[in-house]
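I opened a new notebook page for this structure. My entries follow in the order I looked things up.

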Amino acid sequence: MNEQPTRWVAETSASQQRDQQTQLLAQLSSLTEGESFAISHLSNAASLLWHTLPGLNWVGFYLRRGNELILGPFMGRPACLRIPLGRGVCGTAAALDQVQRVPDVHAFPGHIACDSASNSEIVVPMRQNGQVIAVLDIDSPYLDRFSQEDEAFLTAFADKLCEACDFSQPLITLD
Ligand code: SME
């Protein structure tokens, strides 16, 4: 029997959540200090959010490759590899350069279901030199998991992360 998804009810107060967000931004600063390699920073950032924020089933990044997004570092179940710009929640956020905060993914036209457990989702574009270079994608099994406050925090988190990353560095060099 399929159980109906439940709506998210936070177990911590608004002020506790703000403290946690301040702490997460400070942790991100210390984790990125003195290094600019994007893959390392995106990996730690996914882990940091995954192990701190409650009620999630996927946290990760899709990286821009021309007219597509390709899967980057993440925590959660394996996910689809490529998403065309303009498709799904991620492709829409990247194409419009606009946060997509989706209370019920089943009502989002063209939503791409990577994990059938997902019921709500938020996607935050990340920019370098004014261009969308990646997106932060977070899924929850709860309906309406992400508040306006979450959106403001995740936007600040993604901006800070972007500042710490040099996306022009090659992935592998042998010398
Ligand atoms: N749901 C996304 C696809 C990526 S997964 O959620 C990890 C979308 O519609 O773009």
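**Terms and model.** Helices (H or I, at least four residues) and strands (E, at least two) are DSSP runs, numbered from the N terminus. I number residues from 1 along each chain as its sequence is written. The model is predicted, with local features needing pLDDT of at least 70 and side-chain atom pairs counting only at pLDDT 80 or more, while totals for chains, interfaces and linings use all residues.

**Helix pair.** I looked up where α1 meets α4. From α1 come Q17, Q21, L24, L25, L28 and T32. From α4 come E149, F153, A156, F157, K160, L161 and A164. I sorted these contact residues into 8 nonpolar, 3 polar and 2 charged. For this count, Ala, Val, Leu, Ile, Met, Phe, Trp, Tyr, Cys and Pro are nonpolar, Asp, Glu, Lys and Arg are charged, and the others, Gly among them, are polar.

Next I looked up the geometry. Two packed helices are described by the angle between their axes and the distance between the axes. Axes are lines fitted to C-alpha atoms, for helices over the stretch in contact, and angles run from 0 to 180 degrees between N-to-C directions. α1 and α4 pack at about 10 degrees, with their axes 10 Å apart. That makes α1 roughly parallel to α4 (an angle under 35 degrees).

**E163.** I then checked E163, which is found in helix α4. Is E163 buried or exposed? E163 counts as exposed, because it has 12 or fewer C-beta neighbours inside 10 Å, namely 11. A buried residue has 20 or more, and a partly exposed one lies in between; C-beta atoms are placed from the backbone. E163 and L24 are 139 residues apart in sequence and 16 Å apart in space, C-alpha to C-alpha.

**Core.** Which residues have the most contacts inside the largest nonpolar core? I found F61, C90, V124, V135 and L136, in a core of 35 residues. Such a core is a set of buried Ala, Val, Leu, Ile, Met, Phe, Trp, Tyr and Cys residues joined through C-beta atoms within 7 Å. Among the elements that each supply at least two residues are α1 (14–32), α2 (38–52), β1 (58–65) and β2 (68–76). The largest share, 5 residues, comes from α4. I followed V135 and found it touching F61, Y62, L69, C90, A93, A94, V123, V124, P125 and M126, not counting residues up to four places away in sequence.

**Ligand.** I counted 15 residues around the ligand (C-beta atom, placed from the backbone, within 6 Å). The closest are G88, V89, C90, I112 and C114. α3 (88–96) and β6 (131–140) each supply at least two residues of this shell. α3 gives the most, with 4 residues. The shell divides into 8 nonpolar, 4 polar and 3 charged.

**Positive phi.** I noted D97, with phi near 50 degrees, a positive value in a residue other than glycine. D97 is in the loop between α3 and β4 (100–102). With 12 C-beta neighbours inside 10 Å, D97 counts as exposed. N129 also has phi near 50 degrees. N129 sits in the loop between β5 and β6. N129 is exposed, with 7 other C-beta atoms within 10 Å.

**Q131.** My last entry is Q131, in strand β6. Q131 counts as exposed, with 11 C-beta neighbours inside 10 Å. The C-alpha atoms of Q131 and A94 are separated by 9.4 Å, and the two residues are 37 apart along the chain.

Methods:
Contact = placed C-beta atoms within 7 Å. Parallel < 35°, antiparallel > 145°, perpendicular 65-115°, else oblique.
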